[in-house]
Amino acid sequence: VQLQASGGGLVQAGGSLRLSCAASRRAFSRYTMAWFRQAPGKEREFVAAISWSGESTYYADSVNGRFTISRDNANNTVSLQMNRLNYEDTAVYFCAAGRRSSAYDDEYVYWGQGTQVTVSS
């Protein structure tokens, strides 16, 4: 599975961005999908995950209530709607595919290349 993330950019604090991740093959619907992020000088951290069916979603405490993960299995895409962004959300965001929902990055087998999100204060 190849993953291509897009949608990053520069936004002012309080603003919104929508990230998208396109997957390369039909088996996409069998995978849990997740977003992780890595800020400069910090380790990669879990942001959100969604089950293969889309029925279950999981969020890091830091983004819960502000971010929404969704997926479209017919079009092999997963999205992350990010609202009320703040400076601490600045990071490179990665999409990932795995066999089960988890906050641990070693549970995910396939990774996209990352898209930069910069929030100006």
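Biologist: How much space lies in the largest pocket?
Modeller: About 160 Å³. Keep in mind that this is a predicted model. R37, Q38, A39, P40, K42, E43, E45, Y87, E88, T90 and A91 line the pocket. That lining divides into 4 nonpolar, 2 polar and 5 charged residues.

Biologist: What makes F36 and F46 an edge-to-face pair?
Modeller: Two values. Their ring centres lie 5.6 Å apart, and the limit for a pair is 6.5 Å. Their planes are at 75°. F36 is in strand β4 and F46 in strand β5, 10 residues apart.

Biologist: Why is the pair of F36 and W111 called tilted?
Modeller: The centres are 5.1 Å apart and the planes are at 55°. Stacked means under 30 degrees and edge-to-face over 60, so 55° counts as tilted. W111 lies in strand β10 and F36 in strand β4, so the pair ties together parts 75 residues apart in sequence.

Biologist: How do you know whether F36 is buried or exposed?
Modeller: F36 has 1% relative accessibility. Buried means under 20%, so F36 counts as buried.

Biologist: And why does W111 count as partly exposed?
Modeller: W111 has 25% relative accessibility. That falls between 20% and 50%, so W111 is partly exposed.

Biologist: Which residues do ring pairs link into a cluster with F36?
Modeller: F46, Y108 and W111 join F36 in that cluster.

Biologist: What makes you say that the charged end of R71 sits over the ring of F28?
Modeller: The charged end of R71 is 4.5 Å from the ring centre. The distance limit is 6 Å, and the charge must also be within 35 degrees of the ring normal. R71 is counted as sitting over F28.

Notes. Residues numbered from 1 in each chain as written. Predicted model: local features only at pLDDT ≥ 70, side-chain atom pairs only at ≥ 80, totals over all residues. Heavy atoms only, no water. 1 Å grid on protein atoms, 1.4 Å probe; cavity = no way out; pocket = protein on both sides within 12 Å on 5 of 7 lines; lining within 4 Å. Points joined across faces, edges and corners; volume = space filled by probe spheres on them. Nonpolar A, V, L, I, M, F, W, Y, C, P; charged D, E, K, R; others polar. Phe/Tyr/Trp six-rings, centres within 6.5 Å; stacked < 30°, edge-to-face > 60°. Helix = DSSP H or I, 4+ residues; strand = E, 2+ residues; numbered from the N terminus. Buried < 20%, exposed > 50% of the residue type's maximum accessible area, 1.4 Å probe, protein only.
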